[in-house]
Amino acid sequence: MSETETPRVKISCRNVWKIFGHDPQNTLNLIQNGMTKEEILEQTGHIIAVRDISFDVNEGEIFVIMGLSGSGKSTIIRCLNRLIDPTSGQIFIDDVDLATMNETEIRMTRRHQISMVFQQFALFPHRSVIDNVAYGLEVQGIPKAERRERAWEVLNMVGLKGWENYHTYELSGGMQQRVGLARALAVDPEILLMDEAFSALDPLIRRQMQDEFLNLLTQVHKTIIFITHDLSEALKMGERVAIMKDGLIVQLGSPEEIVIGPADDYVTEFVRDVPRSKVVPVRNIMKDPAVTLYSWQGPKVAVHEMRQNDVQYAFILDPGRRLRGVITRDEAKQAIKDGITRLSKLVKGNALQIGPNQPIEEVIPLAATSDNPVAVIDEDERLIGEILRTELLLGMTREDNGNDTKQ
Ligand SMILES: Nc1ncnc2c1ncn2[C@@H]1O[C@H](COP(=O)(O)OP(=O)(O)O)[C@@H](O)[C@H]1O
Ligand SMILES: [Mg+2]
């Protein structure tokens, strides 16, 4: 397609509704006439599982849908997979309206384009690990030798080398979910739908799976919808997170946007215990560096500048404004005594440094090891800011009061 910067939309939901019951269309009319969800349930027995949901997922993105049990997450996934049809609204994959697909096309999409990973693994207990993984390829009619080779490759990828011939019931939960993941990946789908895929795992195993999965995604290019009821998992895995409640998306944004600005009381309640420092990036608390000097300047200028600005240190830069070191006022004074005329002689490559998009949390260990200031540098090592200790403390303490943007 085009070479523009704008990401390509892979999946698009437009005003999707799903109502369960014998006459969903009439229920839509009742909603139009102002009947509430509760009235509808009470008077007609219909359940409104998904209400007017719209979102786009970009190619290669990890899009998280988070919400409590019953909020409609699985219903959306099932609509995407055409296991069920929306009551109204449209779903597009690669700009193709799913409603226009015939049975064969739907089947082909499910076999080749979309894979699912479930919470309860859904493995065949009496098949070997490798035959479970090769299942999707078997359905596609791929010859045995070829599908086993592919399955073997994917098993390696998820860290299950050597377990090919075990039965799945012999494996731990974490390992079974690796098999589930390998099975989904074996068909090399463009889209992975993961419905609470890690939710049944013990916390430790679960974190490990999250890390490994994120790592694996640096090797394979997939568009992912990742469903969870766990906020910290959502914030860790998602490039964007949609938070659902009662069938509605109540907020959609980056993890940072959600933690800093929860849209309503419901989201506020979720994010109350999330440390800001885990998601707020360094650039939010960095300041312009107080004193910067070039390496060809001398210690007298350095002392003067630091005194003028009432600070105890200065950053030393090379001609490209790349950071070369930090010098303290005392070191500069000593250098004058020693007859040193250029700061380049004093550069020790000693600056503590961090990138602007790292979470604040990662500055804390740096700041704890030394009295030197922490420099913020861009990809080309150019100095773009500094982190003052007071700002760092504020950035961390704000979380103790819940959230500073809360009204
Ligand atoms: N086949 C169905 N028939 C009737 N109600 C359903 C059906 N599937 C889901 N629901 C209801 O729809 C709502 C949303 O369910 P679901 O999408 O499974 O939520 P989640 O995955 O967020 O836990 C719930 O109230 C659930 O009971
Ligand atoms: Mg569910």
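Mentor: Gladly, and bear in mind that this is a predicted model. Let's begin where Pro299, Lys300, Ala302, Val303 and Met306 of α14 meet Arg329, Ala332, Lys333, Ala335 and Ile336 of α15.

Trainee: Switching to the ligand, which residues surround ligand 1?
Mentor: The shell around ligand 1 consists of Phe20, Ile47, Ala49, Gly67, Ser69, Gly70, Ser71, Gly72, Lys73, Ser74 and Thr75. By class, seven of these shell residues are polar, three are nonpolar and one is charged.

Trainee: Which element gives the largest share of that shell?
Mentor: That is α3, which contributes three residues to the shell around ligand 1. Both β2, spanning 47-58, and α3, spanning 73-80, supply at least two residues each.

Trainee: Where is Trp163 found?
Mentor: Trp163 is in the loop that runs between α7 (144-157) and α8 (173-186).

Trainee: Why does Trp163 count as partly exposed?
Mentor: Trp163 has 18 other C-beta atoms within 10 Å, and because a residue needs 20 or more to be buried and 12 or fewer to be exposed, a count in between makes it partly exposed. Leaving aside neighbours within four places in sequence, Trp163 is in contact with Val129, Leu171 and Met175. As for Arg147, its C-alpha atom is 16 Å from that of Trp163, with the two residues 16 apart in sequence.

Trainee: What does Gly89 contact, apart from its neighbours within four places in sequence?
Mentor: Gly89 is in contact with Cys13, Arg14, Asn15, Val16 and Trp17. Gly89 is found in strand β4, residues 88-93, and although Gly89 and Trp17 are 72 residues apart along the chain, their C-alpha atoms are separated by 6.2 Å. With 17 C-beta neighbours inside 10 Å, Gly89 counts as partly exposed.

Trainee: Now the backbone: what is phi of Asp188 near?
Mentor: Phi of Asp188 is near 50°, which is a positive value in a residue other than glycine. Most residues other than glycine have a negative phi. Asp188 is in the loop between α8 and β7 (191-195), and with 16 other C-beta atoms within 10 Å it is partly exposed.

Trainee: And what about phi of Arg321?
Mentor: Phi of Arg321 is also positive, near 60°. Arg321 lies in the loop between β12 (313-317) and β13 (323-328), where it has 16 C-beta neighbours inside 10 Å and counts as partly exposed.

Trainee: Stepping back to the whole protein, how many helices and strands are there?
Mentor: The protein has 17 helices and 16 strands, and 35% of its 407 residues count as buried.

Conventions:
Residues are numbered from 1 along each chain as its sequence is written. Chains are lettered from A and ligands numbered from 1 in the order in which they are written. This is a predicted model: local features need pLDDT of at least 70, side-chain atom pairs count only at pLDDT 80 or more; totals for chains, interfaces and linings use all residues. Two residues are in contact if their C-beta atoms, placed from the backbone, lie within 7 Å. Helices (H or I, at least four residues) and strands (E, at least two) are DSSP runs, numbered from the N terminus. A residue is near a molecule or strand if its C-beta atom, placed from the backbone, lies within 6 Å of it. Ala, Val, Leu, Ile, Met, Phe, Trp, Tyr, Cys and Pro count as nonpolar, Asp, Glu, Lys and Arg as charged, and the others, Gly among them, as polar.
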